[in-house]
Amino acid sequence: MTIAGPKIGPNLGPDRWQSVSPAGSLPAELNSFVGRRREIAEVKRLLGEGRLVTLAGVGGVGKSRLALRVAFDLRRAYHDGVWLVELAALESAELLVATVMAALGIQDRASRPSIEVLAAHLRDRRTLVVLDNCEHLLDACAALADRLVRAAPGLRILTTSRQALGVTGEQVLQVPTLAVPEDTEAAETAGDAEAGARADGQTDAVRLFAERARAVLPGFEITDANREAVARVCRRLDGIPLAIELAAVRLRALSVEQLLERLDDRFRLLTTGARTAMPRQQTLRSLIDWSHALCTEQERLLWSRLSVFSGGLDLEAAEQVCSGGGIPPEDVMDLVGGLVDKSVLAREDHRQSVRYRLLETIRQYGRERLRESGEEAELRARHRAYFRDLALRARRGWYGPDQVAWFARLRADHGNLRTALDSALPSGSPGSSPYAPGPDGLRDGLVLTTALCFYWIAAGALREGRVWLARLLAAAPEPTPERAEALCVQARLAVLQSDFEEADTLLRECRELGDALPDPPPAAPVAYVAGLAALMRHDLREAVTLLGEAADGHRAAGEESGVVNALMYLATAHGLLGDDEQAIDRFKECLARCEARHEHWFRSYTLWMFGIETWRQGDPARAIEMEREAIRLKQPFDDRLGVALCVEALAWMTADASAERAATLLGASQESWRAFGGPLFGYLEGYHEAAEAAAREHLGARGFAAAFRKGVELPPGDVPGYATGSEKTGSEKRRSRAPRTGETSPLTRREREIAALVARGMSNKEIAATLVIAQRTAEAHVEHILCKLGFTSRAQIAAWVAGQGDQAGG
């Protein structure tokens with residue numbers, strides 16, 4: 001991928017121009033060109049299909065450098081020349097035609113208009129003209145390009161701009177930032193346990209940093225000691241080539257670690273560009289100042305307000321949070337479109353919606369402007385209130401047909417949820433905002449994090465939920481209904497991590513607070529959490545009593561999800577006590593209630609526990625199918641806890657029929673529990689020990705260890721497929737079929753999986769959503785696939801997958 005802003009180095013003066021064809025000239029490259037293989041191929045394809053192609057993107061992303069590389073590669077295809085017209089320093093639109101003519105070496109002594117002279121000169125020629133940096137002369141460049149492509153059939157025009165020209169027939173390529181290493185910590189918090197492996201990859205951003213670092217610090221290498229710091233620098237700079245180059249220059253005086261520490265003040269730090277560069281490309285701030293100046297007053301105001309969002313937003317959020325005070329709600333959509341056109345906002349297509357994202361560097365610039373305006377505290381409060389209300393809507397809609405959609409919405413806004421909770425904490429609290437939110441802010445925070453109870457569980461983010469609740473409860477000790485509910489949810493999350501002592505303390509305070517409040521909160525949630533704790537401690541009689549109270553209380557209050565939640569664990573307790581008939585009746589009632597509401601999440605947990613009861617009663621085949629169906633229902637949520645429970649149950653159920661498979665499942669389950677952060681639920685330990693003993697006896701110590709290790713080493717994303725029988729391990733595939741050709745696939749397991757999704761017509765965004773990985777990670781995988789297979793298009797990947805048959809997806 002591209003590595004530098006094109007003006008890092010001497011000016012594009014006559015002494016730099018090289019003749020590269022019978023006519024025409026391009027500047028010599030002053031440093032190496034990293035990556036951009038996919039983008040180069042795409043630009044060439046677009047130029048083959050159309051006459052006018054625009055490379056659009058944020059400042060410093062490498063549009064000019066990419067255009068020059070493509071132009072150089074294509075120089076022999078244009079026998080009348082490949083010409084660069086540099087427009088960055090041109091302020092007057094009236095001089096545009098004259099500038100183009102001068103760049104093409106045309107002397108204008110005719111009496112007719114210059115545009116006619118230029119058009120006549122190009123009319124019968126096969127020429128490629130690169131118009132570089134058009135954004136500040138957009139209308140004039142659009143008019144010129146339109147006139148020339150109509151007059152000259154052999155002409156191709158390649159433009160670079162932060163905004164498309166808007167000419168009929170124009171084809172636009174949004175130039176992305178460079179791929180950066182995966183943020184391991186953030187990805188694991190969001191439930192992506194494969195992030196560690198991806199974080200070690202040498203992405204183009206890291207390669208660029210290393211090459212530019214060697215230019216100022218000979219002998220610089222990426223080592224185990226500095227790899228993570230370099231990766232973090234590249235992530236903090238959003239993979240923007242110019243920003244990475246400016247940062248690498250600082251290694252003259254700083255270590256990588258010191259550079260990383262100072263990036264919070266990136267606009268002051270990144271000020272050392274080449275003296276011969278355009279002034280706006282000598283510092284990161286000047287570069288973004290240029291983008292800011294190109295926006296209308298309302299667009300600038302919206303840009304600053306959008307900076308309160310983290311990780312993206314949708315149009316509804318922008319309208320609710322950012323309108324008012326100079327921006328009517330009905331204008332937000334057009335203003336968002338304007339910022340997208342100017343490459344300030346990035347548009348991201350999701351399956352059923354569109355989201356927008358500010359690069360972190362652009363966001364920080366907007367945040368500075370917001371602070372200068374004096375609106376930051378108000379905007380943070382509005383942002384918090386919006387996501388509080390969103391979480392409440394999600395809780396109301398969780399038990400029903402829109403459950404998966406709500407989960408996806410919350411997962412997409414995970415960063416905003418964190419930012420909203422952060423803004424609820426008073427100044428001085430760990431992770432707090434610099435603005436004091438007051439009682440209303442603390443109340444918002446308690447309501448928000450409590451409403452996210454099911455999300456914390458389904459997303460495998462119990463630890464994070466507990467951290468936010470602990471901070472907010474410490475900051476808001478006042479006896480309020482919101483505190484009582486938050487204590488109950490905190491106790492529930494603690495029970496799920498088997499932290500019973502903490503849960504007992506929280507429930508005790510919750511009951512005492514309820515007794516003291518004039519309008520006490522419902523008792524059923526407290527009875528449910530206490531009953532769940534009793535079940536997990538194997539105090540079955542107490543569990544039956546408390547869970548029965550919880551079910552009755554929720555039923556009286558009309559809380560359908562609470563009824564189902566209590567009934568499924570009540571059924572489990574009855575089954576463990578030997579009350580088989582009562583257990584089955586309650587399990588069936590749970591399933592009927594869930595099916596009536598087209599609900600999946602509670603249904604999956606009911607099937608998990610009902611499957612165990614069915615197995616205990618001597619029907620392992622039906623029980624196994626129940627567990628597999630439960631896993632299939634959990635997959636849209638990426639419910640790692642729920643999948644681990646089902647995998648564990650499948651290990652017990654298969655121990656007699658297939659000891660090796662049972663041992664592999666036990667290994668996979670252990671890894672899931674380790675990532676989850678708690679021990680196996682206490683009332684399940686007996687089944688686990690019996691299955692392990694049976695598998696050890698059948699396989700022997702060495703055989704058990706090998707099969708168990710195979711499960712431990714299964715990538716988390718492969719565990720559901722293996723457990724449900726839809727995907728075998730690599731060794732089982734090799735035993736079950738011979739390869740179709742004598743060659744081994746050059747792709748890794750993950751790359752074959754992504755190639756199969758490409759063959760199904762999925763975009764990189766859709767692949768990322770399907771596999772729950774970052775879009776940049778998906779893009780990097782596709783790029784590696786193209787490189788390994790020697791292809792230039794996704795269609796070639798699809799054809800290769802078809803030729804491989806079932807091997808391609810393995």
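Entry 1. I looked up how two neighbours in the numbering cross, and α30 passes α31 in a left-handed crossing. The model I am reading is a predicted one. I noted that α30 covers residues 601–616 and α31 covers residues 620–634. Their axes lie 8 Å apart, and the packing angle is about 165°. An angle over 145 degrees counts as roughly antiparallel, so α30 is roughly antiparallel to α31.

Entry 2. I then asked which residues of α30 and α31 meet. On the α30 side I listed several, among them Tyr 605, Leu 607, Trp 608, Phe 610, Ile 612 and Trp 615. On the α31 side the list includes Pro 620, Ala 623, Met 626, Ala 630 and Leu 633. Sorted by class, the contact of α30 with α31 holds 11 nonpolar, three polar and five charged residues.

Entry 3. How many disulfides does the whole structure have? My search of it returned zero. I recalled that a disulfide is a covalent bond between the sulfur atoms of two cysteines. The cut-off for the pair is within 2.5 Å. I checked Cys 453, and the closest cysteine sulfur, in Cys 488, is 8.3 Å from its own sulfur, so the two are too far for a bond. For Cys 590 the closest cysteine sulfur belongs to Cys 594, at 6.4 Å, which is also too far for a bond.

Entry 4. Are Cys 453 and Cys 590 buried or exposed? Cys 453 has a relative accessible area of 7% and is buried. Cys 590 is buried as well, with a relative accessible area of 0%.

Entry 5. I looked for positive phi values in residues other than glycine and wrote down two histidines. His 538 has phi near 70°. I found His 538 in the loop between α26 (524–536) and α27 (540–557). Its relative accessibility is 44%, so His 538 counts as partly exposed. His 598 has phi near 55°, again a positive value. This residue sits in the loop between α29 (580–596) and α30. With a relative accessible area of 54%, His 598 is exposed.

Entry 6. Last, I took the chain as a whole. I counted 40 helices and 10 strands. Of the 810 residues, 56% are buried. Among contacts with a separation of 6 or more, 70% come from residues 24 or more positions apart.

Terms used. Residues numbered from 1 in each chain as written. Predicted model: local features only at pLDDT ≥ 70, side-chain atom pairs only at ≥ 80, totals over all residues. Heavy atoms only, no water. Buried < 20%, exposed > 50% of the residue type's maximum accessible area, 1.4 Å probe, protein only. Axes fitted to C-alpha atoms, helices over the stretch in contact; angles between N-to-C directions. Helix = DSSP H or I, 4+ residues; strand = E, 2+ residues; numbered from the N terminus. Parallel < 35°, antiparallel > 145°, perpendicular 65-115°, else oblique. Left-handed = near helix turned anticlockwise from the far one by under 90°. Contact = heavy atoms within 4.5 Å. Nonpolar A, V, L, I, M, F, W, Y, C, P; charged D, E, K, R; others polar.
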